[in-house]
Amino acid sequence: MGKTVLVTGAARQLSGRFVRHLRADPGVDRVIGVDSRSPAHPLGGAEFVRADIRQPSIVTVLAEHAVDTVVHLDVHGTPGPGGGGRAAVKEVNVLGTLQLLGACQKVPGLRAVVVKSSTQIYGTAARDPAVFTETTRLRAPAGGGFPQDVVEFEGYVRGFARRCPDVRVTVLRCAHVLGPAADSRLAAYFRLPVLPTVLGYDPRLQFVHEDDVLDVLARAVREPGGPDAIGPGVYNVAGDGVLLLSQAARRLGRPTLPVARPFAPWVGSAFGALGLRGVSAEQLTSLVHGRVVRTARLREAMGGPLAYTTAETFAAFAAVHGPGPLRPEGVAAAVDRIEEVLRRG
């Protein structure tokens with residue numbers, strides 16, 4: 001018999017795609033999508049259960065469906081379509097993960113738990129290492145926000161792994177997820193007509209294509225030892241290479257709006273209050289130094305790199321959401337004209 005997989009956050013775009021992706025896996029018999037609201041997208045014939053992972057009733061869902069594998073995707077940096085603000089996001093990320101893991105601990109037939117985490121757990125401080133690895137010592141991120149959520153819920157995951165050594169636990173620390181249909185916080189930022197930046201800083205960025213995220217999640221669900229499986233442990237998930245924010249802005253054709261660093265949190269909060277989903281105090285703070293992670297452990301487990309590099313991932317996003325008013329070819333033509341005028345005097 002194949003696996004029975006429960007996927008949390010099924011109403012989200014990426015989670016819904018993963019549910020449909022699992023339905024095509026011959027090693028999976030049943031897929032149950034769970035969310036506190038009904039998904040607006042089809043789930044490819046998978047079962048859907050409306051349930052809140054923050055409530056004790058989630059253990060009943062796991063037991064009634066004889067779930068043996070849980071994929072926890074209901075962890076986010078921004079509110080869902082239903083809104084709720086930062087407090088609601090933290091409650092789902094932290095309390096929801098704690099409640100879900102407590103329920104998993106009570107299910108005797110559970111064999112595997114896969115958690116989608118974030119490279120934001122490493123923070124973006126000035127004295128941080130140039131490149132982070134999975135063994136980098138974690139420090140409490142300054143300013144709280146989503147990075148603090150990640151630190152907290154990963155702590156619960158480690159505690160669960162110690163208490164349940166017979167359950168295979170895999171944590172995937174994903175870089176910023178982009179792609180044609182991505183609904184991440186950074187995707188919303190890059191869709192803005194003008195990109196607020198921090199004056200004097202050009203952070204390094206890494207991206208992971210949403211298709212690669214689906215592939216890595218599916219490999220983590222499979223039994224270890226197989227040619228396409230990823231075993232238990234913690235993995236950084238990011239496309240090869242990096243992009244500077246200035247390079248990303250040029251490739252997208254978006255003008256930038258530099259803001260002095262002391263005023264960046266205030267400007268971010270003001271823009272967020274206007275309903276601009278891609279801008280917040282936390283977002284602008286994260287665009288000061290950036291972060292880069294090493295993915296050697298994932299490459300070794302997969303037998304090679306992800307399908308998309310960071311640059312290719314951004315190009316796939318830009319092909320749908322660009323170019324903006326500053327088209328690269330237009331800027332290049334203007335520069336050529338200025339050079340010609342200067343040469344002729």
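Mentor: We begin with a definition: two strands pair if DSSP finds at least two bridges between them. The model before us is predicted. Here, Val-71 stands opposite Val-114 in β5, and four bridges join β4 to β5, which run parallel.

Trainee: Which residue of β6 does Val-114 stand opposite?

Mentor: Val-114 stands opposite Thr-170 in β6. Strands β5 and β6 are joined by seven bridges in the parallel sense. Thr-170 in turn has Gly-233 of β11 as its bridge partner, and the parallel pairing of β6 (residues 168-174) with β11 extends over five bridges.

Trainee: What is the order of the strands in the open sheet?

Mentor: The seven strands follow the order β3-β2-β1-β4-β5-β6-β11, with parallel pairing. Because β3 (47-50) and β11 (233-237) stand at the edges with a single partner strand each, one side of each is left without a neighbour in the sheet. On average, neighbouring strands are turned by 20° against each other, direction ignored.

Trainee: Is β5 buried or exposed?

Mentor: A residue counts as buried under 20% relative accessible area. Seven of the seven residues of β5 are buried, so β5 is largely enclosed by the rest of the structure. Both faces are covered: one side includes Val-114 and Lys-116, and the other includes Val-113 and Ser-117.

Trainee: Which helix lies across β5 and β6, running at about 160° to β5?

Mentor: That is helix α4, residues 146-163. Helix α6 (residues 210-221) lies across β1, β4, β5, β6 and β11, and runs at about 170° to β6.

Conventions
Residues are numbered from 1 along each chain as its sequence is written. This is a predicted model: local features need pLDDT of at least 70, side-chain atom pairs count only at pLDDT 80 or more; totals for chains, interfaces and linings use all residues. Side-chain values use heavy atoms; hydrogens and water are left out. Helices (H or I, at least four residues) and strands (E, at least two) are DSSP runs, numbered from the N terminus. Axes are lines fitted to C-alpha atoms, for helices over the stretch in contact, and angles run from 0 to 180 degrees between N-to-C directions. Contact means heavy atoms within 4.5 Å. Buried means under 20% relative accessible area, exposed over 50%, partly exposed in between (1.4 Å probe, protein chains only).
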